[in-house]
Structure formats: C-alpha cells, structure tokens
There are 2 protein chains.
Amino acid sequence: MSDTHPVRLNAQVRIVGTGLLGASIGLALRSQGVDVVLADSSPSSVRLAADLGAGRPASATDVPQVIVVCVPPDVTSDVIEAELRAYPSAVVTDVASVKLAPLNQLRERGVDITRYIGSHPLAGRERGGAISARGDLFIGRPWVVCRVEETPPWALALVEDLALDVGAVPIEMTPQAHDQAVGLVSHVPQIVSSLMAKQLEGASDDAVRLAGQGVRDVTRIAASSPELWIQILGANKDSIVGVLENLQKDLQNVTDALRDVDAPGARTIIAEEMSAGNAGVARLPGKHGQNRRFAQIVVLVDDRPGQLAQLLTELGELNINVEDLRLEHAEGAQMGMVEFSVIPEVRDSLLKDLEKRNWRVA
Amino acid sequence: MSDTHPVRLNAQVRIVGTGLLGASIGLALRSQGVDVVLADSSPSSVRLAADLGAGRPASATDVPQVIVVCVPPDVTSDVIEAELRAYPSAVVTDVASVKLAPLNQLRERGVDITRYIGSHPLAGRERGGAISARGDLFIGRPWVVCRVEETPPWALALVEDLALDVGAVPIEMTPQAHDQAVGLVSHVPQIVSSLMAKQLEGASDDAVRLAGQGVRDVTRIAASSPELWIQILGANKDSIVGVLENLQKDLQNVTDALRDVDAPGARTIIAEEMSAGNAGVARLPGKHGQNRRFAQIVVLVDDRPGQLAQLLTELGELNINVEDLRLEHAEGAQMGMVEFSVIPEVRDSLLKDLEKRNWRVA
C-alpha cells in the first residue's frame, strides 16, 4: 500500500512542536522530498530539529498547505486555534493521543473547524525529544484520522496523504470511537501496569530475585512518564473511568472469592474471571494485522558472539522466514533461548532440519 | 557454578507425577547419568515419559534416595505423606508453586517432616504434559529450597544437589518468605493480567486494531490455564489477598481522582501513583541477575529470509555479543525492527560500524 503511493504532499508542511513526534514527522517527510518548516516555543528546540534534518526554521514568508500540531495535550487546542487563525488557507491537524477533548474545546470557543481534522499516529518511544526522533517511527503503524461532519473530502485527503507519506496506515474513526479504543487498549493498560509495578516498590530482595518474564511483561510500560500520562488520562477520563470501574468490580470479585476460597462457588468465580481473560487476550490480532497463527520454535544457544547469527544463517539457507524472534537469556547461566515463529506449514520439516544440523531444539 | 559441579546424585531418584515438570526433571537428570524411576497415577503417562527418555518405570525393587513429588497442588501433601511412609529412608521434596500450605497440612496430620523439604523451581512453559518436557527447562533458573527447623543438613544438601544437577540455581528461603515472594511477583501479576485482558473481551474490532506492544505485554500471561491457577491462587491466598487489597485501594484512588480530575490535588494523586510505578518496575533486576544497564540499538530490516542472519553475522564479525534481541514487525508493512542490547562501552563504535555497512540504524 504505502510503497506504491506517490509523494502527493508537494506543498509545504508546517510542524508546530519539535519534540519526538514533530521531529520524526519532519524527518520522514524530508526523506520524501517534502518542504518542511519547523516552529516551537523553544528556539533551541527548532535549531536542534533542523540540525537533525527534520526541516528548516519557520519564517514570515512560509505558505504552508498542511500544519501538524505536535504539542503537549494540555495546550493542543490553543495552538490549533492560533494556527487556524494565522494560516487561513491551511489544513490543520494534530497528533494528540486524545481526540474528543480538543475538538469540543474548539467548538465551545466557536472556532470554525472546517479546516481542522484531528489525527493520532499510534507510534512512540520510551524517550522523548527531537534527539530521539526517527524518520521510520511511523512505518506500518496505524494513523487514526478523525473526520467530522464539517470535514470536506479534499482536507481529509491531505491528512491521509500526510500519513501515507510517513509510511503509516491511515484509519478513519470518529473522535468518540478513537477515544474509547485508546482508553481500552492503551490508557487503562498503562494504569494497570503502573499500579501493579507500585506493589513491587517495597518488595524484598529475595522476592525480586524470583521475578520471571511474566511480571516483567506486565510492568514494562510502568516506566512511562507520569507528567505526560496525567495529561492524556485527564483528557480521556470519560472513556477510561467506566473501564476502570469494571476492572474494580472484577478485582473485588476475585479478592472476595479468594478470601473465602472454600465457600461454595468461590472457585467458579475465579475460574470465570480467568477464562474471560483467556477470551480477551485472544481478541488481540496477530502480526501483520492478520489473525494467522504462527508455530513457535525454541532453540537453545550458547551466549557468545556468532551463535545466533549462525542459527539465522542456517535458517536463511533453509529459506525460512522467522517472525517475532526473541532471544532470552537464562538467569545466572551463559545460555540463551531463541524463540521464534514460522508459518505452520514449515514447522515439522524445520524441526527435523535443525536437529540434523545439531541444534538443540526444545 | 553449575558447570563446575560434579554429578553428586549417584543414587536413585524417584519422580512421582510425570507431567511437564516431572518429565523435564527426569530428562535433565538422565542426561547427567542419574538413575531415575518414574511413577504416576496414569500408567500411560509413565510409559510416555519413559519413552521420551525421562527414566524407567518404577518397580518394587527400587531404593530411591531422593523422591520428587510433581503432582497438582491440591494433592501434593497427600502424595508427600504417602511417599514418606512408603520409602522410610528417602528424602522427599516437591515442586509445587506454593510452599506453606502443604507443609502446614503435613504438620496438622502429625507427619514427621524431618525427611521432607519443599522446593520450587521457577520454570515452566505455556503447554503442559510430558510431551512438552525439556531437559534444559531449569538451566539458570532459580530453584527455591525451603528448609525448616527440622531439616538436617544432609537432607538439605541432597535437594540442593538435585537443583544443581538439573542446571538450576538453588536459593534458600523460608516457606513464608517464598509464598509472599511468588504471591507478589507471580500470582498477583497473573490476576492483574487476566482481569485487564477480560476488559478486551467485548472490544470493537477498531479498538483491537489500535492495540500496540504495551497492551500485548500487559496481557500476555492472561492466556494461562484457569484450572491450574485456581489451585495455586487458592493455596496462596494468605499472601495474595493483602496485595490485592492494596491494589484495589490504588485503583480506587486513581479512578476517583480521574472522575473529578480538575479537583484540587486530583492530578497529584495520579502522578504519585504513577511515580511509585516507576520506582516499582525499577526494582526488577537486569539480565544475568545483574543490575547492569545495557545500551539499546534499533536496526530496520526488510521482512525477508536472510536479513536478520546477515545483520547478526556482521555483528559476529564485529565481535559484538547481543543481549535480549527482539524482532518486531511493523503492522501492515513488510518491515521489521530489530531491537537489541549491547554493553554500553561498544555502543558508539558499533553505531558507526553499522552505518558504514549501510544498515538503517534508528
């Protein structure tokens, strides 16, 4: 899809806010030859992004066709309004991770939103700032575009072209549907992960020694920045609070059932909650946006240079494309487990081939 | 440690229960030349484990020195008691993931526990049964050994030797400390993951399309078996309920603060909860049991056979040992991101070398 798309944004793009997302959009557009001008409340941030190749500093003679607002959530609607006024022929979009709140704020102030279309690229990194920017940040990622009744088709097309030009996959959603979706699949999981991690704060040294991959996975995103997340959670509270209330009820059910686990029906309650969890996790799509199931293979390798390369070279010789490879080290041992997926059709013959080649297959 | 350890278990080991753990222990001990005899309530399960190489079927002439009970949690104490009676000179251990409940049950029945030492190898797989058994399952994993006042040093040494012989790292803990530790770092994260996943059960197709790595990680272990977990959670409820109550209070705090997010202090409450999550996740140790930080490197590769192998071959040429490698596919695009860690000292020169070799480094 994106690889057959021509560069359509042959006009100027203005990026307001040159942090991670703004600078990454600039890098991606510049690599497509798009003219990008950069603005930020911090002149040194603009200089850094320009030095990194994300575009050139904005000037009074700019005539942008598209403006991308990439500022913190709590000032997004103010900046959108200012940009719509300053550039009366440009289409303005933003990349904030909540879409209904800025739209409602603009409507309440009576701003004409014909030329505003909210959008949200589902991409990010653990670290922020232009210094962490990557031109490939959006490749293959969903980029939600929220048209409203007022949106004319030509304006929508411009924002979708922007998404395509940076390598993303545009998805049209209403602002309400977007906010509910990210509330459920992003914002609530963030709260859950943070609160689980909080319980580890006072853990004994012995307890953390026993931590395995499960708790590591559950708490990985708990390392996220509280400052940014307060803004996101606050702006999307209407979508989040209901899910949190359901979660609280479920947690209360399990806690009550466990407290008196031999009471009639107690174990059934816990089993039902966990079975629903089985069903819920099965809803998440597979790789490449497909629901196709891959076959898992595990190979034991020594933890030294060249072992994994040797394995992958041999997989290449066997013409096997590996999916979703993961190297895990065994704690305290100089060994590694290479876990990867292959299409189910090749699994059995691959296992035989690997054993013939003396790989230790689990 | 384990690689300089001689085979000390030169006597017979009896394994009762030939599921995943029992058969894996058998495979590991057999590879060390230990004489292993197998028993299970299902004769066909014993035959399967024996055919796989985990040992030979038990017979009336066996004289085991160590007995390892690997049966489901709800029958563990019954089987321990029967084995202590049947083999009056053997040391009996078990591998159940909860340690206080079986011990208390044995004490309540007046069983002499001089020859019983509970243990718990922190190892497992998603799939159960002898058919999934692996002789390398315990390599480098912690194996908790719970001595009590009654335990003589020679009996403790036998169980620790068993752990060393299968490649595990023995850790002495009291049953109470063990149960609290696994409650916190294993059992409560399981409940949290399952209940978060439950909320996804009724999600819209659009919502699950927006799911990223965060929610996938938080909910990965929600695919676990409810049947097994009810037994584990029920047996360790005393260690779990308190943590769940704290979690409920934190969830209530955040939900209340979000519901009225503009009230004085509301945002501070959310920030404090999330900051505590930052501190909690930082408690989890790094790889190889060290707290050493590795430098992250991300390389963009085409999603076709041989690309990853080529990268790793070149890393081998550069004498770079990669840690914790992960290949992620970009949704909807035939591209992959290879993320891996290296020791910080080599990071800068490696980035230059990779760019010289025309790799797209993020």
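User: In this predicted model, which residue of strand 7 of chain B is the bridge partner of B:Gly118?

Analyst: B:Cys146 is the bridge partner of B:Gly118.

User: What makes strand 6 and strand 7 of chain B a pair?

Analyst: Two strands need at least two bridges between them to pair. Strand 6 (residues 116-121) and strand 7 (residues 142-146) of chain B have 4 bridges, in the antiparallel sense. The count of 4 meets the cut-off, so the two strands are called paired.

User: What makes strand 3 and strand 8 edge strands in chain B?

Analyst: The sheet of chain B is open, with 8 strands in the order 3-2-1-4-5-6-7-8 and mixed pairing. Strand 3 (56-57) and strand 8 (169-172) of chain B each pair on one side only, and that makes them the edges.

User: Which order do the strands of the sheet in chain A have?

Analyst: The order in chain A is 3-2-1-4-5-6-7-8, again an open sheet of 8 strands with mixed pairing. Strand 3 (56-57) and strand 8 (169-172) of chain A each have a single partner strand, so one side of each has no neighbour in the sheet.

User: In what sense do strand 7 and strand 8 of chain A pair, parallel or antiparallel?

Analyst: Strand 7 (residues 142-146) and strand 8 of chain A pair in the parallel sense, over 4 bridges. In this part of chain A, A:Val144 stands opposite A:Ile171 of strand 8.

User: How do you know that the copies meet through the same surface?

Analyst: Of the interface residues of chain B, 100% are also interface residues in chain A, so the surface is the same on both copies. In numbers, 123 residues of chain B are in contact with 123 residues of chain A.

User: What area do chain B and chain A bury between them?

Analyst: They bury about 11,600 Å², with 65% of it on carbon and sulfur atoms. On the side of chain B, B:Leu210, B:Met274 and B:Arg283 lose the most area to chain A, together 7% of what that side buries.

User: Why is A:Arg283 with B:Asp205 called a salt bridge?

Analyst: The closest N and O atoms of A:Arg283 and B:Asp205 are 3.0 Å apart. The cut-off is 4 Å, so the pair qualifies. Helix 6 (residues 175-199) of chain B gives the most to the side that touches chain A, with 17 residues. By class, that side of chain B has 65 nonpolar, 33 polar and 25 charged residues.

User: What makes A:Arg109 and A:Asp78 a link between distant parts of the chain?

Analyst: A:Arg109 forms a salt bridge with A:Asp78, the closest N and O atoms being 2.9 Å apart. A:Arg109 lies in the loop between helix 4 (100-108) and strand 6 (116-121) of chain A, while A:Asp78 lies in helix 3 (residues 76-86), 31 residues apart. Over all chains the count comes to 46 salt bridges.

Notes
Residues numbered from 1 in each chain as written. Chains lettered and ligands numbered in written order. Predicted model: local features only at pLDDT ≥ 70, side-chain atom pairs only at ≥ 80, totals over all residues. Heavy atoms only, no water. Contact = heavy atoms within 4.5 Å. Buried area = accessible area lost by both parts, 1.4 Å probe. Salt bridge = Lys/Arg side-chain N within 4 Å of Asp/Glu carboxyl O. Nonpolar A, V, L, I, M, F, W, Y, C, P; charged D, E, K, R; others polar.
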